[in-house]
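Thanks for making time this morning.

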Amino acid sequence: TMKVIIVGGVAGGASCAARLRRLDEQAEIVMVERGPYISYANCGLPYHVGGVIEKESSLLVASPEMFRGFFAVEVRTGCEAVKISPDSKTLELRDVASGKVTTESYDKLVLSPGAAPIRPPLPGIDLPGIFSVRTVPDARSMREWLDREEKADRSGLDNYTGFQTVTQPRRAVVVGGGFIGLEMVENLVHRGLEVTLIEKLNQVMPPLDPEMARLVERYLIKHGVRLELNDGVAGFQPSADGSLDVLTSSGKSHPADIVILAIGVRPETALAKMAGIEIGQRGGIRVDEQMRTSNPDIFAVGDAVEVKDVVTGQWSLVALAGPANRQGRIAADVIAGRDSRYRGTQGTSIIGLFGGAAAWTGVSEKTLRRLGETDYEKIYLYPNSHAGYYPGAKYLALKIIFRKSDGQLLGAQAVGQDGVDK
């Protein structure tokens with residue numbers, strides 16, 4: 001029988017394991033995960049911090065017991081893959097708790113290590129109160145930090161006079177205006193914090209074109225968010241009252257009781273590099289359309305791999321669950337002998353914000369310009385979100401980009417308070 005080891009769970013690894021078992025009842029499947037949870041909804045983490053998703057257990061999609069029972073997949077959590085020896089087709093695994101190293105052989109290996117939040121070596125970056133968002137334990141430590149702050153506010157003198165109960169609202173600084181940044185902003189506002197968003201670029205939500213991002217920015221400001229665009233973070237300092245000061249490149253200082261770093265992710269490629277596997281120019285693991293790496297017995301899926309952009313044909317890094325799930329299933333198909341192919345990533349995404357939403361698919365005008373592409377035309381539409389005679393319709397802002405010569409759709413962006421998901 002064939003033995004397949006999958007390194008990393010969550011979207012790519014877990015869907016690969018489940019699909020492979022459906023296609024092959026005999027194969028021995030082992031899934032190893034460095035963290036405590038094999039399959040969790042990382043898209044839900046900001047909402048757990050904000051209290052929208054109350055129970056941590058709601059984030060856990062599938063337990064090791066379920067994988068064992070349903071799929072006969074052996075799951076080892078708290079187990080880190082430390083070294084691949086492609087010649088002998090073995091993998092060294094380290095038990096995180098005890099440090100004990102064991103060696104497992106494999107016939108096929110699937111790498112699904114994901115991408116780690118970027119933490120630049122800024123002064124003060126390791127001070128308490130500065131968090132990244134990637135795992136369930138990350139969300140737990142943020143919640144504990146915020147709950148601690150809330151409890152501290154209710155003790156002491158505040159109980160005595162009405163005047164003193166109006167304490168300083170707690171302040172949060174979010175660094176980075178992408179997906180996670182904006183979702184954290186919304187959730188911290190939801191928790192009653194005063195939120196400042198610092199973004200190095202001249203707009204939030206980098207996949208959007210600037211004029212569409214302006215609509216999102218206005219909406220954020222309307223909901224009480226302080227925006228600091230065109231400004232990067234230079235460092236962090238502890239302040240006298242036990243909170244933090246976030247220093248920016250332009251020389252400003254923003255006080256904060258909690259800081260969220262959301263300045264992007266970097267593919268985890270250390271394991272692949274050690275095994276001599278080819279890494280692409282964008283820094284992700286290079287795979288073919290069957291998710292095979294430069295080593296024919298090793299596959300890779302998810303945020304760690306480079307994908308071909310459907311529209312431009314360029315290699316890109318797209319950290320989304322949808323593509324990771326599909327890639328996991330395709331790798332499983334190929335291992336089981338099917339001729340499945342991944343046709344590239346279109347990058348369709350949506351983000352909800354204060355009841356509204358922004359969404360996009362395909363390429364932006366910015367990207368086309370950067371590639372020196374001139375054969376395109378754009379059109380802006382402002383339709384109602386549903387038929388005008390039915391009450392409650394809201395304007396939708398739509399931008400559509402198409403090729404001038406043959407009319408092919410290249411990309412679309414939508415921003416509005418209703419109907420964006422449609």
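This is a predicted model: local features need pLDDT of at least 70, side-chain atom pairs count only at pLDDT 80 or more; totals for chains, interfaces and linings use all residues.

As for its place in the fold, Arg343 sits in the loop that runs between helix H8, residues 321-335, and strand E23, residues 349-353. This arginine also belongs to a positive surface patch, which Arg343 forms together with Arg22, Arg326 and Arg329.

Let me step back to the chain as a whole. Its secondary structure amounts to nine helices and 27 strands. Along the principal axes, the C-alpha atoms occupy a box of roughly 75 × 60 × 45 Å. Of the 422 residues in the chain, 48% are buried.

Staying with the surface for a moment, there is also a nonpolar patch of about 390 Å², and the residues that make it are Tyr380, Tyr382 and Tyr395. Tyr395 is found in the loop between strand E25, residues 377-381, and strand E26, residues 396-402. With a relative accessible area of 64%, Tyr395 is classed as exposed, because the threshold for that class is over 50%.

Now to the salt bridges, of which the count comes to 26.

In one of them, Lys108 pairs with Asp297, and the closest N and O atoms lie 2.9 Å apart. This pair connects distant parts of the chain, as Lys108 is in strand E9, residues 108-111, while Asp297 is in the loop between helix H7, residues 270-274, and strand E20, residues 298-300, a separation of 189 residues. Both partners, Lys108 and Asp297, are buried.

Another pair is Arg341 with Glu289, where the closest N and O atoms are 2.8 Å apart. Because Arg341 is in the loop between H8 and E23 and Glu289 is in the loop between H7 and E20, this bridge ties together parts that are 52 residues apart in sequence. Arg341 has a relative accessibility of 46% and therefore counts as partly exposed, and Glu289, at 42%, is likewise partly exposed.

Why do we call Glu365 buried? Its relative accessibility is 5%, and the cut-off for buried is under 20%, so Glu365 falls in that class. Lys399, at 0% relative accessibility, counts as buried as well. Glu365 and Lys399 are also members of a network of salt bridges, in which they are linked with Asp209, Glu211, Arg369 and Lys378.

Ile263 is placed in the loop between strand E18, residues 258-261, and strand E19, residues 265-267. With a relative accessible area of 33%, Ile263 is partly exposed. Its C-alpha atom lies 7.5 Å from that of Gly178, although Ile263 and Gly178 are 85 residues apart in sequence.

The other two positions concern backbone geometry. Met205 is in the loop between strand E13, residues 194-198, and helix H6, residues 210-222, and at 1% relative accessibility Met205 counts as buried.

Asn230 is not a glycine either, and it has a positive phi of about 55°. Asn230 lies in the loop between strand E14, residues 226-228, and strand E15, residues 233-238. Whereas Met205 counts as buried, Asn230, at 55% relative accessibility, counts as exposed.

I will stop there and take questions.

Notes
Residues are numbered from 1 along each chain as its sequence is written. Side-chain values use heavy atoms; hydrogens and water are left out. Patches are made of residues with over 30% relative accessible area and no salt bridge: like charges are joined within 9 Å, nonpolar side chains (Val, Leu, Ile, Met, Phe, Trp, Tyr) within 5 Å. Accessible areas come from the Shrake-Rupley method with a 1.4 Å probe; for residues, only the protein chains shown count as cover. A salt bridge is a side-chain nitrogen of Lys or Arg within 4 Å of a carboxyl oxygen of Asp or Glu. Lys and Arg count as positive and Asp and Glu as negative; His and the chain ends are not counted. The place of a charge is taken as NZ of Lys, CZ of Arg, CG of Asp or CD of Glu. Helices (H or I, at least four residues) and strands (E, at least two) are DSSP runs, numbered from the N terminus. Buried means under 20% relative accessible area, exposed over 50%, partly exposed in between (1.4 Å probe, protein chains only).
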